[in-house]
Amino acid sequence: MIRLATAFVGAWTLLISASPPPPRVSLPLILGETLPETLSDFGFFTGPARALRPSQGVVPYQLNVPLFSDYAEKFRFVWIPPGQKAHYTSDGVFTFPIGTALIKSFGYRADFRAPQSDVRLIETRVLLRRANGWIALPYVWNADGSEAYLKRAGKRIDVQWTQADGTPRAISYAVPNANQCKGCHDLGGTLTPIGPKARNLNDGEQLNRWVRQGLLDRAPPSAPTVPKLSDAHAPLGKRARAYLDVNCAHCHNRLGPANSSGLWLDWGQPDGVTLGMGKRPTAAGRGSGDMEFAIDPGHPERSYLLYRMQSLDPGIAMPELGRATVHSEGVALITAWIKSLN
């Protein structure tokens, strides 16, 4: 178990204790052909809580809308080789230089009603930009949080916690195997990151901070943004579309693994049949629940997109990977949106 002080990422606050100087990140390991057996080999983290205390040059960041992963808390970091920068693009993932590492740790508090309580680290996923493309490596943490070990075959871990509303939860958490990582990170047959896009990083300051930190070449004032799901002042439709963009569109886009479905849920998709409105199932099988349309405007109870979000049946549930429980808040958001359509 480790202790994390929660704070806005721009003023990233961590418990401070006496420790030796942080190690340097190992660029040769990022670029090389080997697959390090332990996460600490890379030098991304230092101190007793190595998944939460970044080494020099390893920068924490946040997304406006994170992918739902069974209510796990996530801690995201990026490292770019000194002297290199990511190239801004207004749509899609930034172009990151060779040698980049994207690091994401997953963990749970025993009680979500106690935000200062201990976090149990479960896994850390690493995306490395090597000369021949990105590779994904899953590392699983040991019981005392002192080290994470490479588990290319994935792993099942029992996790229990108390939800913010006092509801006890217990799941068999799935650490994906290396092949499953590509199942979500596939774009046109190439493994690629999902989260670091202008619209999902742009919170009014974070893109400019990346420029100041030397991570990004530019941040135009016109950079797009998606609203946070908790932003009650943002239009319902935009919040719903942001949710679908992050949780579904990594597969449901013209170049994604689900492109043959004809259901494309990315942010730039216009309203209409390809967004699911009045779209009949083509490859849903029993996932359609005998419903006629992915989205039946005004009728969430007759929309199989929502039906699949509410299911835990492996042959029906969407997304197919990364969850063993229903995202109640996401279901409520999409339900309200479909009900508002006419």
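Before we get to the strands, one term: two strands pair if DSSP finds at least two bridges between them. With that in hand, S4 and strand S5 (residues 133–141) pair in the antiparallel sense, over eight bridges. Keep in mind that what you're looking at is a predicted model.

**The whole protein**

- If you're counting elements, the protein has seven helices and 10 strands.
- Its radius of gyration is 20 Å, close to the 20 Å that the globule rule gives for 342 residues, so the protein is as compact as a globular protein of that length.
- Out of the 342 residues of the protein, 51% count as buried.
- Take the contacts in the protein with a separation of 6 or more: 56% of them are between residues 24 or more positions apart.
- As for charge, you'll find 37 positive and 28 negative side chains in the protein, with the centres of the two sets 3 Å apart.

**Strand S4 and its partners**

- Strand S4 covers residues 119–130 and is mostly covered, with nine of its 12 residues buried.
- What joins S4 to S5? It's a hairpin, and the link runs through two residues.
- Glu123 gives you a handle on that pairing: its bridge partner in S5 is Val140.
- S4 also pairs with strand S3 (residues 101–109): nine bridges join S3 to S4, and the two run antiparallel.
- To spot that pairing, look for Tyr108, which stands opposite Arg120 in S4.
- Here's a general point to have in mind as you look: in a regular strand the side chains alternate between the two faces of the sheet.

**Gln206, tucked away in a helix**

- You'll find Gln206 in helix H4 (residues 206–212).
- Is Gln206 buried or exposed? With a relative accessible area of 2%, Gln206 is buried, because anything under 20% counts as buried.
- For a sense of distance, Gln206 and Thr162 are 44 residues apart in sequence and 32 Å apart in space, C-alpha to C-alpha.

- Tyr71 has a positive phi of about 65°, although it is not a glycine.
- Where does Tyr71 sit? It's in the loop between strand S1 (59–61) and strand S2 (73–79).
- Tyr71 is buried too, with a relative accessible area of 11%.
- Asp290 also isn't a glycine, yet it has a positive phi of about 60°.
- Look for Asp290 in the loop between helix H5 (236–247) and H6.
- Asp290 is exposed, its relative accessible area being 79%, so it clears the cut-off of over 50% for that label.
- Which peptide bond is cis, with omega near -5°? That's the bond from Met318 to Pro319.
- Pro319 belongs to the loop between helix H6 (304–309) and helix H7 (328–340).

How values were computed. Residues are numbered from 1 along each chain as its sequence is written. This is a predicted model: local features need pLDDT of at least 70, side-chain atom pairs count only at pLDDT 80 or more; totals for chains, interfaces and linings use all residues. Side-chain values use heavy atoms; hydrogens and water are left out. Buried means under 20% relative accessible area, exposed over 50%, partly exposed in between (1.4 Å probe, protein chains only). Helices (H or I, at least four residues) and strands (E, at least two) are DSSP runs, numbered from the N terminus. The radius of gyration is taken over C-alpha atoms; the globule rule is 2.2 Å times the number of residues to the power 0.38. Contact means heavy atoms within 4.5 Å. Lys and Arg count as positive and Asp and Glu as negative; His and the chain ends are not counted. The place of a charge is taken as NZ of Lys, CZ of Arg, CG of Asp or CD of Glu.
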